[in-house]
Amino acid sequence: MCGIIGIVSKNPVNQLLYDGLLVLQHRGQDAAGIVTCDGNTFYMHKSNGLVQDVFQTRHMRSLVGNAGIAHVRYPTAGSSSAAEAQPFYVNSPFGIVLGHNGNLTNSAQLKQEMFRQDLRHINTSSDSEVLLNVLAHEIERTAHNAVLNTDMIFEAVSGVHNRCKGAYGVVAMIANFGLLAFRDPHGIRPLVIGKSETAQGVEYVVASESVALDVLGFTLLRDVQPGEAIFIDMDGNFFSRQCAENPKLTPCIFEYVYLARPDSVIDGISVYQTRLHMGESLAEKIRREWKDLQIDVVIPIPDTSRPSALELANSLNLTYREGFIKNRYIGRTFIMPGQALRKKSVRQKLNPIGMEFKGKNVLLVDDSIVRGTTSQQIVQMARDAGANKVYFASAAPPVRFPNVYGIDMPTRDELLATGRTDEEICREIGADALIYQDLDALIKDVQLSNPGIEFFDCSCFDGNYVTGDIDEAYLNEIESARGEGQKHRKPANSSTQLDLNLVTAKEYEEEAA
């Protein structure tokens, strides 16, 4: 899970990219990076940490140019090393930088092809660097040492689609040429286009979520279509082409459940409206199957579940209260690497308001239950605060399968619902009752905003992987590679950290060495 943004402007873009990353921070808290382009020169700064910590005034001053891309990262493949912070850079051909949101499911095969056939070296364990080198090789193949043009770039993206499997939303800059963005043929990860009319001319932005466009003052044009590539040259001219043979939109349904900000619109679907619908559906299930529950108050687990909890309470004519105060300086525990860190952070992150729990039968509403770390501790907090009964409702179905498309749900052993019945899960988290959303109801809730989307990637709920290349052997492999204790973090001042200013190919290679 990552956040990406790319801008072609008539003015310096460093502040725009920084501001865009701030509102995409929820998509990745591990690392951040910005690359700007001024003619043939790239200017880069990236490191581990939050956006506001990675970039200081001296870094921003050095990021010159009217075009650039930026990235916030949470690692789902590779390690947490600062060397794997994005964007990545290659100097051949032309000089290319790339930021990637998603996960390649055939990166191991591609690495072998890079080494044996394409004669390219991969420096890190990141699948995003693999994707960059595939793109660079395809551009080199189509250009044949000729003057690069948009037809060649789109043909290269077609080559990427033919070789790469999995989920990818991409922004890339080609030195002295322009901004390239494309989305995988299934449209699993989101990517939107925005436009701004200025006195100097038209400016464009591409980002993971529409909220970045809102904050920057751009108007949402549309989503990048699955398999589509768009190219914006340095003069602001816009080009687009469908580059996949059989594209089919199947966006990740978990974006609407948890990942995206509620004020975003993705593939024509309001995230906020969807979460209201989820609350209505959950209320209907309680009315139908749990009508004997004596509920005094509905309390959300902040922040993502608030719309669902509020609509549930309204639908059942129940009292809604804010029972937990959130420390906003603690990251999202679901995407924190390491079970021990997640457990510690739950108590630091939330504190109950005792008067809302004492002597009451409380229905806690959360967006989902993944590892169960948060749910178990929150139920205990409610009991410690004096609750009489603690019921727990999940606005999403049970998460029983790994997500292989860029969300950190790597191992079945870590997923609370895998191999357990609802009753067993209820006992595990210590609740008096557990109510899960039904998958059919969730799909309908999302479709209400855009009935034109027939299918979603629901693999973490139903185990059906839309790319068709996932089997038991693959799941065993990623569980071995990505299980707890497999990610090793290097300090932010590691010698592998890159702080590139006035980067030419030669200078980049010397600094990386």
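Colleague: What makes phenylalanine 254 and tyrosine 258 about one helical turn apart in helix H8?

Modeller: In this predicted model, helix H8 covers residues 254-259, and the two residues stand 4 places apart within it, which means that about one helical turn separates them. An α-helix has 3.6 residues a turn, so residues three or four places apart point the same way.

Colleague: Why is the ring pair of phenylalanine 254 and tyrosine 258 called tilted, and not stacked or edge-to-face?

Modeller: The structure holds 10 aromatic pairs. In the pair of phenylalanine 254 and tyrosine 258 the ring centres are 6.1 Å apart and the planes make 40 degrees; the distance is within the 6.5 Å limit, while stacking needs an angle under 30 degrees and edge-to-face one over 60, so the pair is tilted. Ring pairs also link Phe254 and Tyr258 with Phe461 into a cluster.

Colleague: How do you know whether phenylalanine 254 and tyrosine 258 are buried or exposed?

Modeller: Buried means a relative accessible area under 20%. Phenylalanine 254 has 1% and therefore counts as buried, and tyrosine 258, at 7%, is buried as well.

Colleague: What kind of pair do the rings of tyrosine 256 and phenylalanine 456 form, and why?

Modeller: Their centres are 6.4 Å apart, within the 6.5 Å limit, and their planes stand at 90 degrees, over the 60 degrees required, so this pair is edge-to-face. Tyrosine 256 belongs to helix H8, whereas phenylalanine 456 lies in the loop between helix H14 (439-447) and helix H15 (459-462), so the pair ties together parts that are 200 residues apart in sequence. Both tyrosine 256 and phenylalanine 456 are buried.

Colleague: How do you know that lysine 248 lies over the face of phenylalanine 455?

Modeller: The distance from lysine 248 to the ring centre of phenylalanine 455 is 4.3 Å, and the limit for a charge over a ring is 6 Å, together with a position within 35 degrees of the ring normal.

Colleague: How do you know that the end-to-end distance of helix H9 agrees with its number of residues?

Modeller: Helix H9 has 19 residues (271-289), which at 1.5 Å a residue should span 27 Å, and its end C-alpha atoms are 27 Å apart, so the two values agree. The buried residues of H9 include Val271, Leu276, Met278, Leu282 and Ile286. H9 lies across strands S20, S21 and S22, and its direction makes about 130 degrees with that of S22. Helix H10 (residues 306-315) packs on the sheet too, where it touches strand S16 (297-300), S17 and S20, at about 170 degrees to S16.

Colleague: What makes strand S17 and strand S22 edge strands?

Modeller: The open sheet has 5 strands in the order S17-S16-S20-S21-S22, paired in parallel. Strand S17 (319-320) and strand S22 (433-436) each pair on one side only, and they are the edge strands. Within this sheet, strand S20 (residues 361-366) and strand S21 (residues 389-394) pair over 6 bridges, and two bridges are enough for a pair. Valine 362 stands opposite valine 390 in S21.

Colleague: Why is one side of strand S5 and of strand S13 left without a neighbour in the sheet?

Modeller: These strands belong to an open sheet of 6 strands with antiparallel pairing, in the order S5-S6-S7-S8-S12-S13. Strand S5 (88-90) and strand S13 (238-242) stand at its edges with a single partner strand each, so one side of each has no neighbour there. On average, with direction ignored, neighbouring strands of this sheet are turned by 20 degrees against each other. Helix H5 (residues 127-143) lies across S5, strand S6 (96-104), S7 and S8, and runs at about 125 degrees to S6.

Colleague: How do you know that strand S2 is largely enclosed by the rest of the structure?

Modeller: Strand S2 (residues 31-38) has 8 residues, of which 7 are buried, and therefore it is largely enclosed. Antiparallel pairing joins S2 to strand S3 (residues 41-48) over 8 bridges, and to strand S4 (residues 67-73) over 7 bridges. Isoleucine 34 has histidine 45 in S3 as its bridge partner, while cysteine 37 stands opposite alanine 67 in S4.

Colleague: What lies between S2 and S3 in their hairpin?

Modeller: There are 2 residues between the strands, and glycine 39 in the turn has a positive phi of about 70 degrees.

How values were computed: Residues numbered from 1 in each chain as written. Predicted model: local features only at pLDDT ≥ 70, side-chain atom pairs only at ≥ 80, totals over all residues. Heavy atoms only, no water. Expected span 1.5 Å × (residues − 1). Buried < 20%, exposed > 50% of the residue type's maximum accessible area, 1.4 Å probe, protein only. Phe/Tyr/Trp six-rings, centres within 6.5 Å; stacked < 30°, edge-to-face > 60°. Contact = heavy atoms within 4.5 Å. Axes fitted to C-alpha atoms, helices over the stretch in contact; angles between N-to-C directions.
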